[in-house]
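Thanks for coming. Please have the sequence and the structure open on your screens, and I will go through what can be read from them.

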2 protein chains.
Amino acid sequence: MSSPSARPRIVVVGGGFGGLWATRALSGDDVDITLIDRRNHHLFQPLLYQVATAGLSSPDIAAPLRHILRNQRNVEVRLGEVTGIDMPSRAVTLADGERLPYDCLLLASGATHAYFGHDEWSRDAPGLKTLDDALAIRRRLLLAFEQAEACDDPQERAALLSFAVVGGGPTGVELAGTLAEIARHTLKREFRNIDPSHARVRLIEAGPRVLASFPESLSAKAQRQLEKLGVEVVTGTPVSAIDGRGFALGDQFVPARTVLWAAGVAASPLGALLGVERDRAGRVPVASDLSVPGHPEIFIAGDLASVVQDGKPVPGVAPAAKQMGAHVAMAIRARLSGKPAPAFRYRDFGNLATIGRMAAVVDLHGFKLSGLLAWWFWLAAHVFFLIGFRNRIIVLINWAWAYWSYQRHARIILGQDKAT
Amino acid sequence: MSSPSARPRIVVVGGGFGGLWATRALSGDDVDITLIDRRNHHLFQPLLYQVATAGLSSPDIAAPLRHILRNQRNVEVRLGEVTGIDMPSRAVTLADGERLPYDCLLLASGATHAYFGHDEWSRDAPGLKTLDDALAIRRRLLLAFEQAEACDDPQERAALLSFAVVGGGPTGVELAGTLAEIARHTLKREFRNIDPSHARVRLIEAGPRVLASFPESLSAKAQRQLEKLGVEVVTGTPVSAIDGRGFALGDQFVPARTVLWAAGVAASPLGALLGVERDRAGRVPVASDLSVPGHPEIFIAGDLASVVQDGKPVPGVAPAAKQMGAHVAMAIRARLSGKPAPAFRYRDFGNLATIGRMAAVVDLHGFKLSGLLAWWFWLAAHVFFLIGFRNRIIVLINWAWAYWSYQRHARIILGQDKAT
C-alpha cells in the first residue's frame, strides 16, 4: 500500500544488522524503502545469550524497528513474512498475499540453526537465534534446578543438574560459562535440598579446540578460563545422539536433561527463492558488489551472503553484516545513477568473545588480550554498540548490579500458561 | 522431601502478597515452612498493566520467590501445583503426586478472571492476572496497530484500530488510559499508512460509574481525566456479547478487534477443595482470626478470603492481602503456643488509582486528590512498595524516561514462534 510515486522502490527483507544498516545509509536518498521483517524489533544478537541466561530482559536488547526508523521519512516498516520472489517482474510476495514491487531488492534475512541432518534433535536441544528461543532456553534452565529441588531420586536429580552445550564457538562458550556462573554463584543459598554448585556443565566441541576462529593461544586460554569457571570442556568428539534424557559421545551416553545447541548455522531459507547456486550452509555466493550474479538489482547482506576475501570466508558476525549493509546502500545508489558499483571489502577490526564473569578473549590483529582486561574491553564494546541510548544505560546498570551482587535479575519463568 | 524434624510444619500455598508476607513474618519462628507456588516469582500485581502496555518488562515487576527468601533458613520454596487437601490427615497433595503434611496451612492462592458464565469470551477478551497474560495482551495491542498499517480495507482498518476495555475498576481504567496514551503519543510518527491517534479506545462499565469503590466526586473526576486522554467512557451498559470481531452493547454491535477483560474476578479454585461454604465469587468466609470455620489449623489470606468488617467487605487489594498475611503469621504463632488468636482488623490507609500520564485519583479518608498531584503520589507509593531495591531504581529510570520521551521501551512482540 505504498503511495504512488515515481521514486525508485527499494525492498529490504530483514531488520537485522545488514538490512537496518542499509536502510539507514539510504536515509538521505530520493527512494521509497519498504523494510519487511517477521518480527517487530531489531535484535542486538551479540547479547542474546544474556536473555537466555536471565541476565537481561528482552526489551534491554531489542528495539521496535518502527521506532528506530520513525524519523526516516523514506521508509515504511512492514511486519510480514516473505514467501516468494517474482524475479522476472520484480516483486516480492508476502504471506498475507500482498505483492511489493521493487526496483532494487536487498535480502538480509540472516541465519537459523542447523542440526546437520538431525532435525529431530531440535526438540531436545534448542538453539538460540530469537528472543523466543532465549526465553524458552531460560525456562528450561530455571526449571531444571526447580525440578531437581523437588526430586527424591539421586540419579534423576543428577541428570537434572547435568547441562550440556553443544558447539564451542562464541555462543557455546558464552552459554557454558554463564551457566557455570549461575550454578556456582547466582543460585547459592537459594535451594534447600540441592546444592546448585554441584551442577555439571559440559561444553562439547567436535573440532580440536574451542573458539576455532581465534589464534590457538587464545583458544587454550579460553579453555582454561572456562575450566576455572567450572565448565568441563570436551573437544575432538562429535555428539552422536541427543534425546530427552541426554546425549551420546560415540558409544558413551551422558545423562543430561538440558542440552543446548550452539553448533550449526544455516542461512535463511529465503536464499532458496532466488533459484541460484548456494553453498553448503545455504548461503548465496555474491558478486563483488554483493549483488546476485545475473541479477544486478538483487543484493545480499549479512549471514545469507557468502563472501570470500583473500581466500577466506568473511565471518558471520555483526560488524561484517553492518559493513555489507552500508555497502549495499552505496551499490544501490550507484546502480540507480547508472554508475558502476564499487567492490565490497570487509574491514576486520578484530575478534572478541566473552566467556563469563571477568573472562574473555580479544584478538585485534595479533594484539591479544585475555581474562579480566579482555572482559572489560568486550563489555565496553558491546554496550557502546547496543542500539538506542536508553538501553545502554539500563544494560549498564543491570550489569553493574549483576557484577557486584552476582545476581541475575531476569530469573522469571515465562510461558507456563498453556493458553498464551 | 523435608528433612525429618519435630518442628511444626507450616505449608503456605501462594507466593503473592498474602503468602509472602505471612512467610516473612514467621522468619524468626522455630517452624518449618514450605511455600508452594505454580510460578517461580512473586509478582507486583499493581504494576502488571504496565507490562501489558509495554512500559515495563517482566523482570521489572517480578522477583524469584527463592531469591526473596534465600536468607530465611526456615523456608523451603517449591514450584508446584496443589491438587488436593487431605484435611483429616492434614496434608496437601501436589500435581507431581507428592504429599506435604502440615500442622498449619495457609491458603493464599488469590484470584483469577471471571466471565460471569460466559467462559467462551475468554479467547477474544483476555484478562490480566499473570505475566503471561500481560505478554499476551501486549502482543495483541501491538499486532493490532501492525495489522492496521498493512490493511487496505478502511472498514477492517477501523475495526483493528478500535479497542475496548470491559470493566471500569482500577485495572480497566489503567488499561484504557494507557492505551489512549500509546495511540496518541507513543506511536506518533511511526506509521506511514495509519494515524494511530485515530484509534478509538472505549471503556465499558456496566454500573453507573467508573471506580465505584471511590467517592462519587472522584469517579466523576476520573471519567473527565479519561476523556481528556481520549478514552470514550460508556457507563450503565453491560456487554452482552463478545467475539473475534467486536462486542455488543444491548442490540448495538461495535466492531473492535481488541477487547480486554477487566470486569470480573473469581477466587482461586483451591477454595473449593476445603468443602466449606463459599460466597458468590468463590471466596471463603473466614473466622475472626482468618481461620476456616471448624478448621482452626487452616487459614486464608488475600483475595481468597471473604472478610466483612463494619458491614463492608474488605477489598481485594494488595495492602489488605499483606495485612492478612501478617495477621495469619500471628495467629499461627498463637495457635502453636496454645494461646487464643487475636481478631483481624483491616486498616484502610486509603485508595489510589492511576488513570494515565499525569492523571490519577487518591482518596485518603476524605482527603481527596486528583490529576497531576495524585499521579505523583501514586507513583511514589508504587515505586516505594515495589519489592527489591534493584527493581525500584530500574523502574524509576524507565518511568522517568517514559515520562520525558513519551516512549515505552518494552514494545517487543514475544511469543510469535509457534514452537516455544
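I will start with the contact between the chains, where chain B contributes 46 residues and chain A contributes 46 residues. Keep in mind that this is a predicted model. On the side of chain B that touches chain A, the elements giving two or more residues are strand E4 (62–64), helix H3 (65–68), strand E5 (75–79), helix H4 (131–149) and helix H10 (389–405). Which of these gives the most? That is H4(B), with seven residues. By residue class, the side of chain B that touches chain A has 18 nonpolar, twelve polar and 16 charged residues.

Next, how the two copies are related. In general, two copies of a chain are related by a rotation about an axis and a shift along it.

Now the domains of chain A. The assignment gives domain 1 as 9–38 + 80–113 + 265–336, and domain 2 as 119–263. Between the C-alpha centres of domain 1 of chain A and domain 2 of chain A there are 34 Å.

One helix pair in chain A next. Two packed helices are described by the angle between their axes and the distance between the axes. For helix H1 (residues 17–25) of chain A and helix H8 (residues 318–336) of chain A, the axes come within 7 Å and the crossing angle is roughly 35°. The crossing of H1(A) and H8(A) is right-handed. From H1(A), the residues in contact include Phe17(A), Leu20(A) and Trp21(A), and from H8(A) they include Lys322(A), Met324(A) and Val328(A). Of the residues in the contact of H1(A) with H8(A), eleven are nonpolar, three are polar and one is charged.

On to the sheets, in chain B. There is an open sheet of three strands in the order E6-E7-E8 of chain B, and its pairing is antiparallel. Its edge strands are E6 and strand E8 (99–101) of chain B, each pairing on one side only. On average, neighbouring strands of this sheet are turned by 25° against each other, ignoring direction.

Taking the pairs in turn, strand E6 (residues 82–86) and strand E7 (residues 91–94) of chain B run antiparallel and share four bridges. Val82(B) sits opposite Leu94(B) in E7(B). The hairpin of E6(B) and E7(B) has four residues between the strands, and Arg90(B) there has a positive phi near 55°. E7(B) and E8(B) are also antiparallel, with three bridges, and Thr93(B) is opposite Arg99(B) in E8(B).

The other sheet to look at in chain B is open too, with four strands in the order E13-E12-E11-E17 and parallel pairing. What stands at its edges? Strand E13 (231–235) and strand E17 (258–261) of chain B do, each with a single partner strand, so each has one side without a neighbour in the sheet.

Ala164(B) is opposite Val259(B) in E17(B). Helix H7 (residues 216–229) of chain B packs on the sheet, where H7 touches strand E12 (200–205) and E13 of chain B. The direction of H7(B) makes about 140° with that of E13(B).

That is what I had for today.

Terms used: Residues are numbered from 1 along each chain as its sequence is written. Chains are lettered from A and ligands numbered from 1 in the order in which they are written. This is a predicted model: local features need pLDDT of at least 70, side-chain atom pairs count only at pLDDT 80 or more; totals for chains, interfaces and linings use all residues. Domain bounds come from an automatic or database domain assignment. Axes are lines fitted to C-alpha atoms, for helices over the stretch in contact, and angles run from 0 to 180 degrees between N-to-C directions. A crossing is left-handed if the near helix is turned anticlockwise from the far one by less than a right angle, and right-handed if clockwise. Two residues are in contact if their C-beta atoms, placed from the backbone, lie within 7 Å. Ala, Val, Leu, Ile, Met, Phe, Trp, Tyr, Cys and Pro count as nonpolar, Asp, Glu, Lys and Arg as charged, and the others, Gly among them, as polar. Two strands pair if DSSP finds at least two bridges between them.
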